[in-house]
Amino acid sequence: MSFEPRILGILCNWCSYAGADLAGTSRIHYPPNIRVIRVMCSARVDPTFVVKALVSGADGVLICGCHPGDCHYSEGNYKTMRRIPLLKKVLTDLGIEDERVRLEWISASEGQRFADIVKDMTERIRALGPSRISAELDVDPREK
Amino acid sequence: MESRECKIGVYICNCGTNIAKVVDCEAVREYISELPQVAIARTYKYMCSNPGQELIIQDIKEQGLDRVVVAACSPRMHERTFRAALQTAGLNPYMFEMANIREQCSWVHDDPQAATEKAKALTQAAVFRVAYHEALEQMMVDMCPNTLVIGAGIAGLTAALELADAGQKVYLLDKQDHLGGNLARVDLTAPYLDSARDLLTERITRVKTSDNIELLLNSRLQELKGYVGNFSATLVSVDSDDTEENKAQKIEVGNVIVCTGYKEFPAERVTHFGYGKLPNVITSFDFEKMLRAGRIECKDGEIPNYVAIIHCVGSRSPEYHGYCSRVCCMTALKYVHEIKSAIPSCYVSDLYIDMHAFGKGHEDFYRRTSEVKTMFLMFGKGDHPIIRSAGPKDDCQMLIEVNEQLSGEVIEIPADLVILMVGMEAREDATETARLVNISQDKDGWFIESHPKLDPVATTTDGIYIAGTCVAPKDIPDTVAQARAAAGRILAKIAKGKIAVDAIYAEINEDSCSGCRICNELCPYSAIEFDDEKKRSHVLSVMCKACGACVAACPSGAIKGRHFTDQQMFAQIEGVLR
Amino acid sequence: MRTGIFFCQVEENNRLNVTAVAKYAANLPNVETVQELGIQPRLDAKDLAGQVHSGNLERIVIAGDMPGYFKPVFTKAMALAGHDPLEVRLASFREHGASGSTTLERAKAIVACAAFGVPFALAVEPAKTPVQPTTLIIGAGIAGIQAALEIADAGKPVCLVERCGTIGGHMAMFDKTFPTLDCSACILTPKMVSVAQHEMIRLLTNSQVIALSGSPGSYRVQIKCKARMVDVDACVACNICSEVCPVEVASEFDAGIARRKAVYIPFPQAVPNAYLVDAENCLYVQSAGKKCGACVKKCPKECIDLTQKDEIIEIEVGNIIIATGYDVLQAENIEHYGYGILPNVLTALEFERLTNASGPTGGKIVAKSLKLNKRTKLEEWVFDANGPAPKSIAIIHCVGSRDQNYNSYCSRVCCMYSLKFAHLVKEKLPGADCYEFYIDMRAFGKGYEEFFERIKHEGTFVIRGRTAAISELNGQMMVTGEDIIQDKLIQFPVDMVLLAVGLIPAHGTEELSRMLGLTRDEDGWFSELNYNGRPTDTEKGCIYVAGMCQSPKDIPDAVAQASAVAAGVLSSISSGKGIGHRGSVTLSEIEARAKNLQAK
Amino acid sequence: MAIRVNPKIIDDLEGYGAEDVQLCYHCGNCSAVCPHADEFNVFPRRPMRYLQMGLERKLETSLEPWLCYYCGQCSDQCPRGAEPGETMMSLRRWLISRYDITGIARLFFKSTKVELAAVIIVALLTGIFFLGFGLWQGDINVYDGSNAFLPSSFIHNFDLALGFLVALFIGLSAFRFWWFSMGGKSAVPIPWWLYIKKVYLLPWHFFTQKRFADCEKETTRRIYLPWLAHLGLMLGYVTMLFIVMVFVKQLQAGPEINWSVHVFGYLASLGLLIGAVYMLRGRLKKNRTQYQRSHGSDWIFLVLLFIIALTGVTQHILHRSGLLLAANIVYIVHLMVVVPWLLRMPFTKWAHMFLRPLGMYFSAVRNEALTRQRSGIETTVPARKVA
């Protein structure tokens with residue numbers, strides 16, 4: 001069986017989660033490799049969430065928030081914008097590929113964009129292969 | 001992860017065939033039912049239907065479930081429905097979690113096996129998460145029905161009257177010794193040339209005779225403490241300084257409306273207009289004075305033959321203010337009519353950049369102005385006309401040189417009197433006001449609304465409202481609408497009597513807090529206060545909007561985002577990836 | 001005070017017998033002289049000063065539809081005569097609504113108040129009446145939604161009536177909103193959901209108000225709820241019915257650039273989130289049950305009932321808010337822009353849907369291409385996501401606005417949305433040329449001017465000058481216009497033309513105004529009670545106007561008005577007293593009150 | 001050097017019929033719809049702008065008013081009712097009075113009453129003169145030959161003298177026209193041979209009025225009637241003028257019909273009558289944009305022309321029918337109209353017959369000069385100009 005990456009999506013409630021819902025109501029198909037959890041604002045995304053995900057077997061983490069300027073909480077996404085690159089820097093230093101963590105802006109009307117991003121990310125991670133962390137820790141949800 | 005003692009009921013919706021067509025709901029049920037804390041797992045055709053909800057209620061009552069998971073459509077659609085069902089069954093509504101296996105699973109995937117696996121993971125995540133849910137209660141906070149209105153211009157008067165007419169107590173504060181603000185300096189209003197005086201007199205008479213309005217003239221706000229519903233304001237006389245405690249007056253209010261208005265752009269800043277040097281170059285407010293006195297004349301008492309009006313003085317300019325002041329175009333057109341009425345033989349030229357005649361009746365008014373043969377001249381943005389004194393041979397006092405855009409010629413305009421349409425700018429004390437009531441200003445000094453479109457009169461500080469020209473330049477109808485809107489917001493709150501504080505907010509554990517104050521600056525709602533004595537921060541739950549920015553940022557992990565705790569999130573992550 | 005009353009008109013007004021008013025005015029106390037000066041009189045300040053002097057007039061009243069036009073000359077005359085120039089009072093028939101059946105009496109009252117030196121609005125306050133707690137809101141666009149939520153959040157019942165199958169109005173159709181470019185759906189849909197879930201809001205979509213009776217504070221309203229034929233509560237919006245429906249018509253929500261079925265949901269996030277049947281196009285309904293009915297059979301929840309009949313309900317309400325919004329001008333009326341003939345001439349709303357991420361092309365900006373319609377076997381111009389991207393786009397402002405041949409007024413939002421279009425074009429098609437043809441760039445709001453500057457920096461050409469014509473030359477569209485600043489006549493090829501069409505009152509506005517007894521201005525928008533002071537009230541007690549239906553305005557202004565109206569409603573409910581019809585106050589009452597106020 | 005605006009000009013132009021020009025808010029629609037506006041002559045908006053600002057010098061030098069045949073498309077589409085077509089018409093009136101050195105044109109245009117009074121006085125003087133002259137030297141019952149009441153040789157000489165006078169004033173106006181627009185301080189240096197190269201345009205425009213036909217080009221419905229009527233009227237007039245100036249003897253000789261001359265006379269009369277009736281009817285019914293507003297001078301022009309044609313034809317018929325006394329009386333009436341008509345030629349609307357082709361000729365010369373001057377320079381307009 002070919003490698004099927006597991007990707008965690010952390011989506012903000014107001015724009016991105018609604019955008020993902022729109023992809024659903026518009027029946028826009030994308031790979032099932034993404035699993036989404038919801039936060040109120042992308043600013044709630046604690047770097048430890050990402051680490052936790054990687055340790056728990058995720059091959060990639062996609063964080064989505066409102067477009068800059070659109071934040072429901074005025075400027076939460078600007079904080080995310082600063083925080084995630086820093087995190088990525090640390091992760092790269094730890095040997096985790098840059099592409100495994102991705103930050104995107106998706107509005108409530110961008111169902112197609114969400115699907116496209118998921119497709120693209122799945123392909124990239126598939127090409128990258130399984131995350132070293134999950135391999136080393138030997139976690140696999142399929143074998144419990 | 002440690003397991004917690006709980007009895008979770010899981011309900012998987014088929015949504016007709018919407019979910020069941022792709023996701024093997026039965027397989028999901030089987031998988032989930034084996035999880036340790038799951039007491040019961042069922043599938044049903046339509047969970048959102050009444051029988052579906054009844055099923056949950058019955059199970060809670062009969063099986064003693066203490067937590068519920070529904071795997072169905074998007075929580076944005078039915079989370080509220082199921083929470084209500086829990087409440088009906090006597091369970092705290094927050095002991096609930098939804099898994100979105102329709103919009104984000106069955107509708108977007110076509111491989112049944114992969115979709116089923118994903119549905120399992122999503123449902124499992126919800127189960128893991130819900131195990132850590134806590135019963136949350138909505139808090140109700142008392143609210144003082146009194147309102148403080150700062151600024152007694154047309155906005156303040158309107159807001160105060162709206163509240164007072166509804167029977168609420170209002171404190172109307174103004175630094176000046178009279179009511180009316182900037183509008184009191186205006187004679188007629190555009191575009192219908194109605195009397196500004198009548199408009200103000202009506203409001204002022206009603207304000208003065210209202211039993212519910214307490215006027216505080218010659219006074220200013222010295223301090224505002226507290227939070228929405230429970231503010232304590234200290235007011236002092238304008239001429240007292242901060243040390244004179246004895247003159248201070250303390251009032252209790254639930255809400256504050258800031259309508260401090262604008263001040264006119266100081267024309268002397270634009271040197272090439274010669275304002276202050278050339279005697280017959282005046283500002284629009286100087287001209288209003290002439291109009292009220294019935295004396296449109298030059299300094300030497302001569303009746304002007306040529307009047308020139310220059311738009312956008314201080315506005316739409318890279319050097320001064322980039323924004324448009326919104327009312328000057330119409331005011332200028334108003335002046336044209338007024339000049340033509342008083343001095344029919346006078347030639348009026350009007351120098352503009354773009355004619356902003358956008359409101360009701362405005363375009364028609366502009367056309368009327370053309371009918372009386374106004375010479376409209378267009379100059380480019382950033383390309384100012386230059387005024388100089390005329391020579392002895394000229395039949396006029398001044399000459400204005402301008403690169404006219406519609407003809408493409410550099411021309412000279414004769415003028416005996418030049419009116420500068422000075423724009424609006426934020427008051428000097430706006431920064432001080434913003435600091436006192438804890439709201440922010442944009443780069444031009446205007447107060448920032450909570451949301452520029454859908455919440456134009458609220459601010460990010462609960463209980464503080466803004467209206468009129470302190471938010472941005474606007475004309476009278478728009479100001480009046482905003483003032484009433486702000487009053488309406490407050491009336492809605494008063495009608496409820498209490499302020500409901502959402503059960504989801506952030507909390508700081510004082511023991512873990514290091515007092516680093518990182519969170520203080522981060523909060524867009526200024527909901528985090530720092531206690532100087534304890535050297536600890538704490539969240540004013542009333543003001544918190546639960547975005548969680550502080551939770552993620554706290555280096556000591558001292559902040560807990562209720563309903564989005566680290567534990568809950570970790571459990572969910574683990575569940576979704578397992 | 002010795003008073004002189006002068007009647008002057010700017011334009012002829014045949015509805016009012018000025019002489020009768022003048023006769024009445026002559027009998028008012030302290031009135032020294034009454035003069036009818038006619039239309040556009042030539043007034044000389046010195047002559048008037050002489051009259052002031054000889055009559056020793058201490059106060060002057062100018063009466064007319066727009067007396068302000070003559071005020072400065074009278075003020076000057078007072079000053080010349082050495083009298084108080086502030087004692088020139090205006091008796092404006094237009095401002096205080098002397099029109100309709102009560103014209104004459106109202107005009108007399110207005111003059112009387114001015115002669116007494118009392119603002120008319122103070123003297124005319126109608127008696128307060130007890131108010132029913134429920135509020136009726138007609139129209140569920142952003143203004144209606146905002147007002148509904150605000151009133152409902154205060155715990156007061158609201159009945160929200162909407163003509164379409166969903167709430168949201170025009171704002172739901174937009175992609176981005178100027179100047180912040182935030183996504184329209186992101187900010188609107190949460191509000192729509194709140195409306196649907198609010199326990200104090202009774203939502204009646206697909207419904208229309210058909211009759212009104214009663215008095216302020218206690219109106220009886222008849223509402224026709226058109227048969228939706230789909231059970232709103234049961235429908236799970238699964239789309240199976242729509243898949244089998246054989247009928248295809250232009251989608252209103254997509255401004256006609258995409259097609260929908262006869263059983264449809266206006267858009268995925270519609271509220272209520274349920275399908276509805278368009279009876280006019282449904283084969284089953286039209287054939288009286290002889291044909292089709294496929295959806296009924298297919299619906300897994302059995303919630304479609306094509307035999308459902310319209311229903312008329314009657315409710316009692318205290319206050320009524322009108323928020324019926326606008327329509328756009330029919331662009332095909334303006335021949336020289338070739339709309340309806342040239343395929344790639346689009347109206348603003350069409351482009352709004354084209355560029356919308358949830359639109360037919362998923363937000364891709366493409367030109368129409370010829371496609372074979374399998375059903376009709378004819379080639380049709382349609383938008384196809386794989387269609388050609390336009391290389392140059394012209395945006396024409398003031399289409400049907402500021403033009404006495406169409407609408408003489410400015411539609412207020414077109415400049416800004418046109419600039420927004422330019423931004424979207426530049427964002428999505430970086431290589432494309434974009435031209436804005438404008439007359440005056442009306443960027444007046446907060447952040448608007450800065451937005452204009454930004455668009456210029458993005459490389460959009462702004463050309464002052466209106467395009468006169470769009471033509472086709474060998475299959476290539478050409479725009480012709482004058483570039484006024486450059487002093488050039490220009491004619492160049494473009495692939496797409498966007499018409500910033502002007503706004504007109506929503507259809508049915510006239511009917512509604514008649515039903516409610518409200519006046520409209522000459523352009524058809526609802527008249528407010530007082531332009532400056534009461535921009536959201538009307539002559540009728542407890543009836544308010546909010547948003548576009550009063551005149552064109554942008555979202556923040558519409559929202560502010562909606563909140564303002566909510567304030568009026570809440571104020572009346574919480575004090576238990578609503579304001580009655582202004583027309584119910586008699587002349588003698590006004591006179592008496594004015595006298596009384598003057599004495600104070 | 002900045003040009004001084006003159007707010008008073010717009011008041012002055014009002015007398016010439018430019019009543020609504022102040023309403024223009026410069027959307028540029030008119031110039032864009034005008035079939036004759038081109039790269040070098042952007043109008044009607046620009047002349048309207050000069051007029052609003054009172055830039056007299058700019059107006060004096062402009063040729064644009066002469067390029068306009070007043071098809072009315074600009075006025076139809078004007079969003080503000082500023083009547084660009086009427087403004088161009090008024091500018092032509094104003095320009096005629098500017099070119100005229102005597103100041104008579106200005107008097108006439110400003111006051112229809114003055115013009116009418118002048119016409120009546122001249123008509124009466126003419127009547128008295130010819131009646132006295134005829135009675136003194138001939139027999140009122142004789143139409144031609146010796147002892148004729150009004151001998152054709154005398155009329156011929158009289159015509160020539162009158163023609164000379166008219167030509168003198170027209171020539172003066174034409175010279176001033178050239179001086180304002182092409183010579184003098186004109187910014188465009190024009191090589192002399194360009195005048196020769198383009199001279200063919202003078203007769204071309206004069207005799208065909210081709211550009212009037214072009215007016216209709218871009219409208220959906222092509223209607224050439226206004227052009228045909230205008231052309232018919234003008235050709236009839238010119239032919240008649242020519243016959244009267246050169247062949248008056250043959251014209252007056254009779255009673256047999258001299259077809260070689262008379263056939264032209266008949267055709268010309270027909271052209272005049274039909275053209276005049278068409279236009280009078282149009283102005284009365286206001287059935288086209290250009291007939292919406294009629295200046296006093298327009299009425300005098302058409303009515304006099306109609307009377308001239310009518311009396312001319314009547315006189316001819318009477319002469320051929322042998323009613324010689326009546327013919328002579330009508331002849332006097334005819335002359336009473338013709339003389340003031342001819343005398344006022346250089347000072348009224350009539351002058352446009354020469355000035356318009358001249359303007360078009362000048363414009364072509366100037367355009368070519370400008371093209372030569374500009375060639376090789378890239379234009380800075382964002383849009384690509386399509387030839």
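Reply: In helix α2 of chain A (residues 47–55), the buried residues include A:F49, A:V50, A:K52, A:A53 and A:L54. Buried here stands for under 20% relative accessible area, exposed for over 50% and partly exposed for the range in between, using a 1.4 Å probe and protein chains only. Helices (H or I, at least four residues) and strands (E, at least two) are DSSP runs, numbered from the N terminus. Just after α2(A), A:G57 adopts a positive phi of about 110°.

The model is a predicted one, in which local features need pLDDT of at least 70 and side-chain atom pairs count only at pLDDT 80 or more, while totals for chains, interfaces and linings use all residues; side-chain values use heavy atoms, without hydrogens and water. Residues are numbered from 1 along each chain as its sequence is written, and chains are lettered from A and ligands numbered from 1 in the order in which they are written.

An automatic or database assignment supplies the domain bounds, and for chain B it gives domain 1 (8–136), domain 2 (147–261 + 427–499), domain 3 (267–423) and domain 4 (506–562). The C-alpha centres of domain 1 and domain 3 of chain B are 70 Å apart.

Chain B contributes 97 residues to its contact with chain C, and chain C contributes 101 residues; contact means heavy atoms within 4.5 Å. The size of an interface is often given as the accessible area lost when the parts come together. Buried area is accordingly the accessible area (1.4 Å probe) that two parts lose on being put together, summed over both. Between chain B and chain C this area is about 8000 Å², with carbon and sulfur atoms giving 52% of it. Within chain B, the residues that lose the most area to chain C are B:K360, B:K453 and B:L454, together 11% of what that side buries.

C:D521 is located in the loop between α14 (509–516) and β31 (543–545) of chain C, and C:D521 counts as buried because its relative accessibility is 16%.

Chain B and chain C are joined by 17 salt bridges, a salt bridge being a side-chain nitrogen of Lys or Arg within 4 Å of a carboxyl oxygen of Asp or Glu. One of them pairs B:E449 with C:K446, with the closest N and O atoms 3.2 Å apart. There are also 41 residue pairs in polar contact between chain B and chain C, both residues at pLDDT 80 or more. A polar contact is a pair of N or O atoms within 3.5 Å; within protein, one must be able to donate a hydrogen and the other to accept it, and residues adjacent in sequence count only if both atoms are side-chain atoms. Helix α12 of chain B (residues 476–496) supplies the largest share of the side of chain B that touches chain C, 15 residues. That side of chain B consists of 45 nonpolar, 18 polar and 34 charged residues, where Ala, Val, Leu, Ile, Met, Phe, Trp, Tyr, Cys and Pro count as nonpolar, Asp, Glu, Lys and Arg as charged, and the others, Gly among them, as polar.

Chain C also meets chain D, through 29 residues from chain C and 27 residues from chain D. The two chains bury about 2400 Å² between them, 52% of it on carbon and sulfur atoms. The count between them is two salt bridges, and D:R46 and C:D487 form a salt bridge at 3.1 Å, N to O. Nine residue pairs, both residues at pLDDT 80 or more, are in polar contact between chain C and chain D. On the side of chain C that touches chain D, strand β28(C) gives the largest share, six residues.

Within chain D, the assignment separates domain 1 (9–99) from domain 2 (104–365). The C-alpha centres of these two domains are 26 Å apart, and their contact takes 33 residues from domain 1 and 40 residues from domain 2. Together they bury about 3300 Å², with 58% on carbon and sulfur atoms. In domain 1 of chain D, D:W66, D:Y69 and D:Y99 lose the most area to domain 2, together 25% of what that side buries. Six salt bridges cross this interface, and D:R293 forms a salt bridge with D:D20, where the closest N and O atoms are 2.3 Å apart.
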